[in-house]
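Hi everyone, thanks for coming. I'd like to walk you through a structure, so let me put it up on the screen.

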Amino acid sequence: MAIFGKNFQYYLGYALSGGGAKGFAHLGAFKVFESYGLKPDVIAGTSAGALAGVFYADGFSPDEISELFRKKEFHEFIGFSIPKTGFFKTSGVGKFLKDNLRSSSFEQLRIPFKAVVTDWEKARTVVFSEGRSLVDAVVASCSVPIVFTPKVISGVSYVDGGLLKNFPVSVIRNECKYVIGVNVSLMTPLSDKVNIKTTAERTFKLMSNSNTLIDRSLCDILVEAEEAQKYFMFDLNNIDRIREIGYECASAALGEEKSLGIIRRCHRHYELEEKVRQRIGKFKKTTL
């Protein structure tokens, strides 16, 4: 309900970065946001952020989302392919989403949601936010190049949105009065353990982090899960600890005075929204 002027479509938005399994930190952050009584009007997510964001937008609680992934193995989300454009197919990810999401289109979600992808042929960022391509858009947003084959939607090949827009704050910045950004992919010193796995992850992290600097500066509240960087991007064995890191980092960020001021303004907005709803309800009753 845009009752706050200045042409903002939304009051509060969440921007969720990519980061593979480090994206479980988003769930811990959600828990903190809920403890402060915050409710997003829109969510933008890239890669792991799109995966966490779409379930949250679909009405799942952070605990319910964690449970969906618990006891899952990486091989359950993939299908092997002849290496041409990627070693694995994302068929398992698509099936997982279709089996568990309650909504089949963007419009059915409880919270407006934007999935950020990269157009592989035209080398540009594309944002999906409407229609029945919900599952395909999230799959595309998670399709890390070389690791996964591109996802074809309406004849166009798309790959991981993190390639050009890993932290999608700018995607919703002009539409929101306030944006809380959760960045779970940060650059850290090179690991002593060098192998093909760590080299591939660092290569992708270098590319994706190069496009986050501006977006970090656009956040009203910035949450960064630095301690989660020690976990591999496909690590599904440390969900609870990664989520705990997200909780700790979000708690620290929201406890700052500037953040508390924004939270207070959000609550005043919620109160005003409720008063408007009540007046509209009374008006409707009197006109029946």
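Start at Arg102, whose charged end sits over the ring of Phe60, 3.7 Å from the centre of that ring. Likewise, the charged end of Lys39 sits over the ring of Tyr270, 4.3 Å from its centre. "Over the ring" here has a rule: NZ of Lys or CZ of Arg within 6 Å of the ring centre and within 35 degrees of the ring normal.

A word on where this comes from: it is a predicted model, where local features need pLDDT of at least 70, side-chain atom pairs count only at pLDDT 80 or more, and totals for chains, interfaces and linings use all residues. Residues are numbered from 1 along each chain as its sequence is written, and side-chain values use heavy atoms, with hydrogens and water left out.

Back to Phe60, which forms one aromatic cluster with Phe24, Phe55, Phe69 and Phe96. Rings of Phe, Tyr and Trp (its six-membered ring) pair if their centres lie within 6.5 Å; planes under 30 degrees apart are stacked, over 60 edge-to-face, and the rest tilted. How many aromatic pairs does that give? The count comes to 11. One of them is Phe24 with Phe69, edge-to-face at 5.3 Å centre to centre, with 80 degrees between the planes. Phe24 lies in the loop between β1 (10-16) and α1 (25-35) and Phe69 in helix α3, so this pair ties together parts 45 residues apart in sequence. Helices (H or I, at least four residues) and strands (E, at least two) are DSSP runs, numbered from the N terminus.

Phe30 and Tyr56 have ring centres 4.1 Å apart and planes at 15 degrees, so that pair is stacked. Phe30 is in helix α1 and Tyr56 in helix α2 (residues 48-57), so the pair ties together parts 26 residues apart in sequence.

Now, α3 itself, residues 62-69: Pro62, Ile65, Ser66, Leu68 and Phe69 are buried. Seen down the axis of α3, these buried residues fall within an arc of 155 degrees, so they line one face of the helix. The arc is taken from the directions from the helix axis to the C-beta atoms, and buried means under 20% relative accessible area, exposed over 50%, partly exposed in between (1.4 Å probe, protein chains only).

Ser47 is not a glycine, yet has a positive phi of about 55 degrees; Ser47 is buried, at 8% relative accessible area. Ala123 has phi near 50 degrees, but is exposed, at 57%.
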